[in-house]
Amino acid sequence: MAAVCVVQGASRGIGLQFCSALLSRNVCKVIATCRNPSQSEGLLNLKDKHQHSLSVLPLDMTNEADIISAAQEVSNRYGKVDLLINCAGMLHPSGRGETSLKSVSQEGLLETLSTNAVGPLLMAKHFTPLLMKGDGLIGTQSTEKKSQHCAVLVNMSAKVGSIQDNGLGGWYSYRMSKAALNMSTKNLSIELGRGQKKVVCISLHPGTVDTDLSRPYHKNVKTLFTVSHSVDCMLKVVDSLSVSDTGKFYTYDKSLLPF
Ligand SMILES: NC(=O)c1ccc[n+]([C@@H]2O[C@H](COP(=O)([O-])OP(=O)(O)OC[C@H]3O[C@@H](n4cnc5c(N)ncnc54)[C@H](OP(=O)(O)O)[C@@H]3O)[C@@H](O)[C@H]2O)c1
């Protein structure tokens, strides 16, 4: 039985690498979603290599109708999801976080919140019926039968979304959006942890990773991970998850971050 894995935000960067790493296991069906599938060279190359295990669906995170039709398509093809990774994200529409209040704008805040926090929650809403039908093939099953999980949901967060850890300020839109995303992880872990079938929900910080999103800040970074190192580490975390981990905010090495 194959694990069905949905990677949302898969055109490039960390999301694309998640697809590649999951496909290389040869036991997963991967559904990659992104805004413009025909423009993602990385996904087109992966599709050539993994014709039968990879499906690519169009999905703009800011459009609920896209999310609904992607969920419907996955339901028709596979009838379940074992792993959902909400990966799409933006720093700010300008590509740079605000350094002070002067650069805060309504438009920038709303677009960042819509992509980073509203979209992932709508993904959870429309994919929950499929996650509930998961076979628990991702993560570790506990020996206690009653606490077993059926699926795993990962929200790609960021350390700068931690309210407690915020010592520098700035980056209003991004920090607020990831803090809101973390609250939705916590809420989801409670609601989807009540029944017999539980979905393990976590927020995950990938480290500072060499992608387009972080590029303007590379000069100041002490440790810059490659996407493949970050994703290898994060998949180890995902593989280790059980119901006792739900609702937590982890880094790539499974250290706990404070909300
Ligand atoms: N890189 C880091 O150092 C770092 C650190 C902490 C957290 N993160 C988080 O990790 C995640 C992935 O980031 P990354 O570094 O891989 O960034 P990236 O290379 O810039 O990729 C961003 C991805 O998000 C997608 N996206 C943006 N807006 C979207 C929308 N409205 N609908 C659908 N997809 C959309 C992009 O798709 P298009 O190609 O269509 O634009 C792209 O696939 C983000 O959530 C980010 O906040 C990254």
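Predicted model: local features only at pLDDT ≥ 70, side-chain atom pairs only at ≥ 80, totals over all residues.
Residues are numbered from 1 along each chain as its sequence is written, and side-chain values use heavy atoms, with hydrogens and water left out.

**Entry 1: strand 6 and its partners**

I looked up the pairing of strand 6 with strand 7 (residues 249–251): the two run parallel, joined by 3 bridges. My note on terms: strands (E, at least two residues) and helices (H or I, at least four) are DSSP runs numbered from the N terminus, and two strands pair if DSSP finds at least two bridges between them.

I then turned to strand 5. It pairs with strand 6 (residues 198–205) in the parallel sense, over 7 bridges. Asn-155 has Ser-203 as its bridge partner in strand 6, and Met-156 has Leu-204.

Asn-86 has Asn-155 as its bridge partner in strand 5.

**Entry 2: what is covered**

Are the residues of strand 6 buried or exposed? I found 8 of its 8 residues buried; buried means under 20% relative accessible area, exposed over 50%, and partly exposed in between (1.4 Å probe, protein chains only). In a regular strand the side chains alternate between the two faces of the sheet. In strand 6, one side holds Lys-198, Val-200, Ile-202 and Leu-204, the other Val-199, Cys-201, Ser-203 and His-205, and all are buried. Strand 5 (residues 149–156) also has 8 of its 8 residues buried.

I looked at Gly-207 too, in the loop between strand 6 and helix 6 (227–239). I put it down as buried because its relative accessible area is 11%. Cys-28 sits in strand 2 (residues 28–34), and its relative accessibility is 6%, so it counts as buried.

**Entry 3: the ligand**

How many residues surround the ligand? I got 28, with Ser-11, Arg-35, Tyr-174, Val-209 and Thr-211 the closest; a residue is near if one of its heavy atoms lies within 4 Å. The shell divides into 11 nonpolar, 12 polar and 5 charged residues.

Next I listed some distances. A side-chain N or O atom of Arg-35 is 2.7 Å from an oxygen atom of the ligand. A backbone N or O atom of Met-61 is 2.8 Å from a ligand nitrogen atom. For Gly-89, a backbone N or O atom lies 3.3 Å from a ligand oxygen atom. Taken alone, the ligand exposes 890 Å², and the protein buries 92% of that (Shrake-Rupley method, 1.4 Å probe). Helix 1 (13–23) and helix 5 are the elements that give two or more residues to the shell.

How values were computed:
Polar contact = N/O pair within 3.5 Å; in protein donor to acceptor, adjacent residues only side chain to side chain. Nonpolar A, V, L, I, M, F, W, Y, C, P; charged D, E, K, R; others polar.
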